[in-house]
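This report describes selected local features of one protein model. Please examine the sequence and the structure shown here before reading on.

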Amino acid sequence: MLEHVISEYKIMKAFMNLFNPITVRLWGANINRQTLSNIKKAGFKIKEDKNLTLDVLKFIVAENT
C-alpha cells in the first residue's frame, strides 16, 4: 500500500501535529496517523516499509498473520 504517515523527524512531526486539526476540518484527512503501528495492531506483519517522500509517504508491504 501507499500511505501517508506521521514523520519521525521532530520538526516535521511537530508541524504535522500542529496542522492536523486544519486538514481534518478542510478535507477530512488525518496527517498524523501512526499507520505502521495500526497495521500491526490489526494483526498484520510488516514485510517492507520504505520511505518515499520526506518520511511522510511510505510504501508498505504487509501480510496477514
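The sections below treat the basis of the model, the strands, the hairpin turn, the salt bridges and the helix surface.

## Basis of the description

The model is predicted, so local features are described at pLDDT of at least 70 and side-chain atom pairs at pLDDT 80 or more, whereas totals for chains, interfaces and linings use all residues. Residues are numbered from 1 along each chain as its sequence is written, and side-chain values rest on heavy atoms, with hydrogens and water left out.

## Strand pairing

Helices (H or I, at least four residues) and strands (E, at least two) are DSSP runs numbered from the N terminus. Two strands are said to pair if DSSP finds at least two bridges between them. Strand E1 (residues 2-4) is antiparallel to E3, with 3 bridges; here His-4 has Leu-57 as its bridge partner in E3.

E3 also pairs with E2 in the antiparallel sense, over 8 bridges. Within E3, Lys-58 is the residue that stands opposite Asn-51.

## The E2-E3 hairpin

Strands E2 and E3 form a hairpin with 3 residues between them. Leu-54 lies in this loop, which runs between E2 (44-53) and E3 (57-64). Its phi is near 50 degrees, a positive value in a residue other than glycine. Asp-55, in the loop between E2 and E3, likewise has a positive phi, of about 60 degrees, although it is not a glycine.

Leu-54 is exposed at 61%, while Asp-55 is buried at 9%.

## Salt bridges

A salt bridge is counted when a side-chain nitrogen of Lys or Arg lies within 4 Å of a carboxyl oxygen of Asp or Glu; the model has 4 by this rule. One of them links Arg-33 and Glu-3, with an N to O distance of 2.7 Å. Arg-33 belongs to the loop between H1 and helix H2 (35-41) and Glu-3 to strand E1, so the pair ties together parts that are 30 residues apart in sequence. Arg-33 is partly exposed, with a relative accessible area of 32%, and Glu-3 is buried at 17%.

Lys-58 bridges to Asp-49, their closest N and O atoms being 3.1 Å apart. Lys-58 also meets Asp-55 in a salt bridge, at 4.0 Å from N to O. Lys-58 is buried at 9% relative accessibility, whereas Asp-49 is partly exposed at 37%.

Phe-15, Leu-18, Phe-19, Ile-22, Leu-26 and Trp-27 make a nonpolar surface patch of about 670 Å². Patches consist of residues with over 30% relative accessible area and no salt bridge, like charges being joined within 9 Å and nonpolar side chains (Val, Leu, Ile, Met, Phe, Trp, Tyr) within 5 Å. The areas come from the Shrake-Rupley method with a 1.4 Å probe, and for residues only the protein chains shown count as cover. Leu-26 lies in helix H1 (residues 10-27) and is exposed, at 61%.

The structure holds 1 aromatic pair. Its rings, those of Phe-15 and Phe-19, have centres 4.6 Å apart and planes at 50 degrees, so the pair is tilted. Rings of Phe, Tyr and Trp (its six-membered ring) pair if their centres lie within 6.5 Å; planes under 30 degrees apart count as stacked, over 60 as edge-to-face and the rest as tilted. Phe-15 and Phe-19 are 4 residues apart in helix H1, which means a separation of about one helical turn. Phe-15 is partly exposed at 45%, and Phe-19 is partly exposed at 32%.

Technical notes:
Buried < 20%, exposed > 50% of the residue type's maximum accessible area, 1.4 Å probe, protein only.
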